[in-house]
Amino acid sequence: MPVSKRFKVSLGNGRREAKGAMGSVWRAIGLWAATFCAVTWSWMLPCFAGESTLELIKPMSYSNAELRGKDFSHQDLRASDFANANMEGANFSQADLRGAIFSASVMQNADLRSTNLQYAMMDQVDFTEANLENAILTEALLFRSTFSAANITGADFSDALLDGEQRAILCESASGTNMQTGVSTRASLDCKS
């Protein structure tokens, strides 16, 4: 009989007991790690969308809502969900929308002047004729969004995720400098002279 088989046989029930005890230890470690990650994430979410870990945010859900012409100006709407909503002509001027979700929404003719949209998820959004003057869109996700005839004067797109074609179209009308960040729209879009 090979040595390895003799060794396994010689351990008999003691090996099963040792394996069971180690399994309990690993389960306890796994439970602790999962709890640690959940607690850490719950404390980090307010940091992602706000100022400090002690300040709790209460995100609102407007997903799939009809919000034509609604006034959200000057409101704190960090991490709110506006996915698939119709916000045609809505007023978000000077609102705090950091970390908000707008995926596949309609924002035609929306007023987004001086709005903070940092870290916002705005993929596949229709910004046709929207006013984004002096808006902060740093590190926002903007893939497959349309900006036909949108006013982007002074908008800051630094580190925003855009399609190459979008960037080229936006560069055609890019002008001005953001009043809050001091970054020029052309520089934030990496426009060529």
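Y62, F72, F82, F92 and F102 come together as one aromatic cluster, in which rings of Phe, Tyr and Trp (its six-membered ring) count as paired if their centres lie within 6.5 Å, with planes under 30 degrees apart called stacked, over 60 edge-to-face and the rest tilted. The model is predicted: local features need pLDDT of at least 70 and side-chain atom pairs count only at pLDDT 80 or more, while totals for chains, interfaces and linings use all residues. Residues are numbered from 1 along each chain as its sequence is written, and side-chain values use heavy atoms, with hydrogens and water left out.

A search of the whole structure gives nine aromatic pairs. In one of them, the ring centres of Y62 and F72 are 5.4 Å apart and the planes meet at 70°, so this pair is edge-to-face. Y62 and F72 are 10 residues apart, and each lies in the loop between α1 and α2; helices here are DSSP runs (H or I, at least four residues), numbered from the N terminus. Both residues, Y62 and F72, are buried, where buried means under 20% relative accessible area, exposed over 50% and partly exposed in between (1.4 Å probe, protein chains only). The rings of F127 and F147, by contrast, have centres 4.9 Å apart and planes at 10°, so they are stacked. F127 and F147 are both in the loop between α1 and α2, so their pairing ties together parts 20 residues apart in sequence. F127 and F147 are buried as well.

We can now turn to the core. The largest nonpolar core has 39 residues, of which F92 and F102 touch the most other members; such a core is a set of buried Ala, Val, Leu, Ile, Met, Phe, Trp, Tyr and Cys residues joined through side-chain atoms within 4.5 Å. Beyond four places in sequence, F102 has contacts (heavy atoms within 4.5 Å) with residues including F82, F92, L117 and D123.

D123 itself sits in the loop between α1 (3–49) and α2 (164–173). D123 is buried but has no salt bridge, and R144, the nearest side chain of opposite charge, is 7.4 Å away; a salt bridge requires a side-chain nitrogen of Lys or Arg within 4 Å of a carboxyl oxygen of Asp or Glu. The D123 side chain does make a polar contact with the side chain of S103, at 2.5 Å.

Finally, the backbone holds two residues worth a look. Y119, not a glycine, has a positive phi of about 65° and is partly exposed, at 29% relative accessible area. D190, also not a glycine, has a positive phi of about 55° and is exposed, at 61% relative accessibility.

Notes
Helices (H or I, at least four residues) and strands (E, at least two) are DSSP runs, numbered from the N terminus. Lys and Arg count as positive and Asp and Glu as negative; His and the chain ends are not counted. A polar contact is a pair of N or O atoms within 3.5 Å; within protein, one must be able to donate a hydrogen and the other to accept it, and residues adjacent in sequence count only if both atoms are side-chain atoms.
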